Amino acid sequence: MGTWTLEVAKMALYIVFPVALFHYFNQPQYFEDWVVEKKRELFPPETEAKREFQRTLEEIKSKQNLKVLENLESVKK
């Protein structure tokens, strides 16, 4: 068993070490570039080809919905 000073030193280490690591690793300049790169990788900027593809999909879906509605109307009559 140590004396009270050893216990105080250990408690100070237990408190200061995580706080110091938190402070060091949460500085924006350390991870800002990494975060921006990952966001661009996961969510690439929209291109014209992607927008055209989305418009084509919407047109196909709307045509299919019209066919379904026409079939429903013909069944009701």
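A residue counts as buried when its relative accessible area is under 20%, as exposed when the value is over 50%, and as partly exposed in between, using a 1.4 Å probe and protein chains only. Keep that in mind for this tour of a predicted model, where local features need pLDDT of at least 70, side-chain atom pairs count only at pLDDT 80 or more, and totals for chains, interfaces and linings use all residues. Residues are numbered from 1 along each chain as its sequence is written, and side-chain values use heavy atoms, leaving out hydrogens and water.

**Stop one: the whole chain.** Show everything as a cartoon. You will find 3 helices and 0 strands, in the order α-α-α from the N terminus. (Helices are DSSP runs of H or I with at least four residues; strands are runs of E with at least two.) The C-alpha trace spans about 95 × 35 × 15 Å along its principal axes. The radius of gyration is 31 Å, while a compact globule of 77 residues would have one near 11 Å. That radius is taken over C-alpha atoms, and the globule rule is 2.2 Å times the number of residues to the power 0.38.

**Stop two: the surface.** How many of the 77 residues count as buried? The share is 0%.

**Stop three: helix α2.** Select residues 28–42, which make up the 15 residues of α2. From first C-alpha to last, α2 reaches 20 Å, close to the expected 21 Å; the expected span is 1.5 Å times one less than the number of residues. This helix lies largely in the open, because 0 of its 15 residues are buried.

**Stop four: two rings.** Now show the side chains of Tyr24 and Phe25. The whole structure holds 1 aromatic pair, and these two residues form it, edge-to-face, with 4.9 Å centre to centre and 85 degrees between the planes. Rings of Phe, Tyr and Trp (its six-membered ring) pair if their centres lie within 6.5 Å; planes under 30 degrees apart are stacked, over 60 edge-to-face, and the rest tilted. Tyr24 is partly exposed at 43%, whereas Phe25 is exposed at 53%.
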